[in-house]
Each structure stands twice: as structure tokens, then as C-alpha cells.
Amino acid sequence: MDASAADIRTAGGPSRAVSIGIVIVAMSSFQLGAALAKQLFPLVGPQGAALLRIGLSAMILWGLTTPWRSRFNRSETRSLLVYGIALAALNSFFYLAVQRIPLGIAVAIDFIGPLAVAIGYSRRWLDGFWVILAACGIALLFPIGGSVAALDPIGVVYCLGSAAAWAVYILYGQKAGETVPSGRATAIGLGIASLLVLPFGVAEAGGMLLSWSVLPIGLLVAVLSSALPYNLEMVAMKRLPTRLFGVLMSLEPALGALFGWLILGEDLTLRQFIAIACVILASAGATLTASRVVPATDG
């Protein structure tokens with residue numbers, strides 16, 4: 001089969017539909033894990049929680065995928081290295097932000113990263129419309145009014161750092177996934193991230209990282225927040241164009257607000273419900289209108 005026929009098969013049909021479903025499951029798992037991780041902060045702090053999440057995930061995936069058997073060229077090594085650095089920054093900054101500001105707001109600010117990727121890859125006016133609609137939904141998630149001043153500015157800065165790392169993760173995660181088997185790429189990225197986060201997590205949590213009151217929750221967070229969603233997203237990235245993947249991530253703030261309400265008891269206002277409707281509509285619209293489009297090669 002020639003390259004053009006393979007591209008068309010990848011762009012539509014079951015492969016596209018399954019990939020979209022994989023992204024939604026991955027995002028739901030991530031947000032559930034984030035809500036559970038916040039409950040670890042009083043015991044190990046945000047950096048300790050980040051280390052448990054990344055480190056245990058790396059151990060699981062290294063055991064399952066045996067990445068040490070792979071050999072990489074210089075370009076693949078560079079992509080994996082940047083991917084791992086992005087994972088470390090994304091997790092660390094996000095947990096530091098969630099410690100200071102509510103989960104739903106943190107996820108909304110964090111979404112600036114994938115939204116920027118979506119805008120950068122837009123080629124048609126309809127793509128821009130879905131991005132604008134998603135942006136309106138995110139704006140509604142912000143507590144516009146007197147409570148805005150109550151947001152911790154350091155927490156917002158951490159969110160912006162996480163947003164930048166998220167954009168890099170999308171771009172280099174796709175590049176790594178194009179040439180390295182999905183599970184092995186995720187395992188290697190998490191291994192690199194673990195080494196980077198290790199000194200900060202140990203300094204903050206110390207021996208509590210090995211406590212039996214912490215490890216079971218940490219293992220659950222690792223599976224839900226990293227081992228499962230990152231591996232699923234890596235699979236989806238190989239089948240979806242970067243611009244569609246970025247717009248699909250517009251569901252993330254809505255899912256963050258939903259799991260914040262379910263797990264942490266953060267009530268949803270009417271404005272938040274409208275915001276959720278906006279981002280879901282934007283994601284569904286982008287998915288439907290892109291279903292017959294053959295994606296260009298991204299990077």
C-alpha cells in the first residue's frame with residue numbers, strides 16, 4: 001500500500017474514532033488522579049506527590065515495556081529527552097499550582113498550552129471558530145469578579161509554567177511516538193522525568209515517600225495520572241494530527257471541574273456548566289469537521 005493510501009486509512013474510519021475515545025479516557029483518568037493526588041499534599045507535599053506519581057509510573061512501564069532493549073539515533077534521543085523534561089516540568093508545576101489555587105481554575109489556566117498548539121496548527125476559519133469557542137468556555141471557568149484578586153499569583157505563575165510544558169509535551173510526545181514504540185517512549189520519558197524530580201521530592205517528603213500510609217494512594221495516582229493516560233495519549237498521538245489532538249484537549253478543563261466536584265467537593269456554578277458545554281461543543285465540533293480531513297505530516 002502506498003503512503004497516501006495509508007494516510008487516508010489512518011485519517012478516517014475506526015482508527016480515528018478509537019483514537020478520539022482513547023484521548024477522552026486518558027484525560028478522565030488524568031483528572032481523577034489529580035484530584036486524588038491533592039489529598040496526598042498534607043503528607044508529602046506537591047513535589048513528593050509528583051515524584052510518587054512519576055517514579056511509580058516509570059517503574060510500572062519499565063517492567064512492562066523493557067525499553068532498555070531499544071536503540072535510538074540522535075534525533076530520537078533528542079525527542080525523548082525533551083519529552084521527559086516536559087513531563088517533569090508539567091507534573092511538578094501543576095502540583096505546585098494546585099497546592100495554591102483550586103483544581104478547576106488550575107486546569108483552565110493550564111489549558112493555555114494545548115490551546116496555543118491548536119491555534120498554531122489552525123489552517124481554516126472553522127478550526128479557528130472551535131478554538132475561540134473553547135477559549136470562551138475556559139474564560140468562563142475563571143472566577144471573574146472580586147474573587148480574582150484572591151488567586152495566589154505564585155500559583156498562577158506555576159500554572160503558566162505547566163501550560164508551557166504541556167505544549168512542549170504535545171509536540172515532542174508526537175515526535176517521539178512516531179519513531180519509538182508507544183509504551184517504550186512513555187516509559188523512557190517518565191524515567192527521565194523521575195530523575196529530574198527525584199531530588200526535589202526527596203527534599204520535601206523524605207522518608208514519608210516509603211510510608212505504607214502513602215504508597216497505596218501514590219500507586220493509584222501513578223496509574224491513573226501517568227502510567228495509563230500518558231501511554232494512551234502516546235498511542236493516540238500516532239493516529240491524530242497535532243491540531244486535532246490539541247483541540248480535543250479542550251475537554252480537560254471541563255473534566256477537571258467535574259472531578260473536582262466529585263472528589264474534592266468543589267461545587268459547580270451555572271457559569272461553570274455553561275463553560276463545560278462550550279468546551280465539549282468545541283471538541284465535538286472539531287472532531288466532526290476533521291473526520292474527513294487527511295492530516296498533514298506534523299514535524
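The model is predicted, so local features need pLDDT of at least 70 and side-chain atom pairs count only at pLDDT 80 or more, while totals for chains, interfaces and linings use all residues. Residues are numbered from 1 along each chain as its sequence is written, and side-chain values use heavy atoms, with hydrogens and water left out.

**Overall fold**

- The chain contains 13 helices and zero strands; helices (H or I, at least four residues) and strands (E, at least two) are DSSP runs, numbered from the N terminus.
- Of its 299 residues, 53% count as buried.
- Among the contacts in the chain with a separation of 6 or more, 90% are accounted for by residues 24 or more positions apart (contact means heavy atoms within 4.5 Å).

**Surroundings of Thr186**

- Thr186 has its place in helix H9 (residues 182–205).
- When its neighbours within four places in sequence are left aside, Thr186 is in contact with Leu61, Tyr83, Tyr230, Asn231 and Met234.

**Aromatic pairs**

- Rings of Phe, Tyr and Trp (its six-membered ring) pair if their centres lie within 6.5 Å; planes under 30 degrees apart count as stacked, over 60 as edge-to-face and the rest as tilted.
- The count under this rule is five aromatic pairs.
- Tyr83 and Tyr169 form a stacked pair, because their ring centres are 5.6 Å apart and their planes stand at 20 degrees.
- Tyr83 belongs to helix H4 (residues 74–98) and Tyr169 to helix H8 (residues 153–179), so this pair ties together parts that are 86 residues apart in sequence.
- Tyr83 counts as buried at 0% relative accessibility, and Tyr169 is buried with a relative accessible area of 1%.
- Phe94 and Tyr95 make a tilted aromatic pair, with 6.2 Å from centre to centre and 45 degrees between the planes.
- Both Phe94 and Tyr95 are buried, and together with Phe30 and Phe41 they form one aromatic cluster.

- One cavity of 30 Å³ or more is found in a search of the whole structure; on a 1 Å grid over the protein atoms alone, a cavity is a set of points where a 1.4 Å probe fits but cannot get out, and lining residues have an atom within 4 Å of a point.
- The largest cavity holds about 80 Å³ of space, a volume being the space filled by probe spheres set on the points, which are joined across faces, edges and corners.
- Its lining consists of Phe30, Leu90, Asp110, Trp166, Tyr169, Tyr230, Glu233, Met249 and Glu252.
- Helices H8 and H10 (215–237) each supply at least two residues of this lining.
- The lining divides into six nonpolar, no polar and three charged residues; Ala, Val, Leu, Ile, Met, Phe, Trp, Tyr, Cys and Pro count as nonpolar, Asp, Glu, Lys and Arg as charged, and the others, Gly among them, as polar.

- Helix H12 (residues 251–264) has 14 residues and reaches 19 Å from its first C-alpha to its last, close to the 20 Å expected at 1.5 Å a residue; the expected span is 1.5 Å times one less than the number of residues.
- Buried residues of H12 include Leu251, Glu252, Pro253 and Phe259.
- Gly265 follows H12 and has a positive phi, near 75 degrees.
- Arg271 lies in helix H13 (residues 270–290) and is partly exposed, with a relative accessible area of 33%.
- The C-alpha atoms of Arg271 and Leu140 are separated by 6.2 Å, although these residues are 131 residues apart along the chain.

Key. Buried means under 20% relative accessible area, exposed over 50%, partly exposed in between (1.4 Å probe, protein chains only). On a 1 Å grid over the protein atoms alone, a cavity is a set of points where a 1.4 Å probe fits but cannot get out, and a pocket is an open set with protein on both sides within 12 Å along at least five of seven lines; lining residues have an atom within 4 Å of a point.
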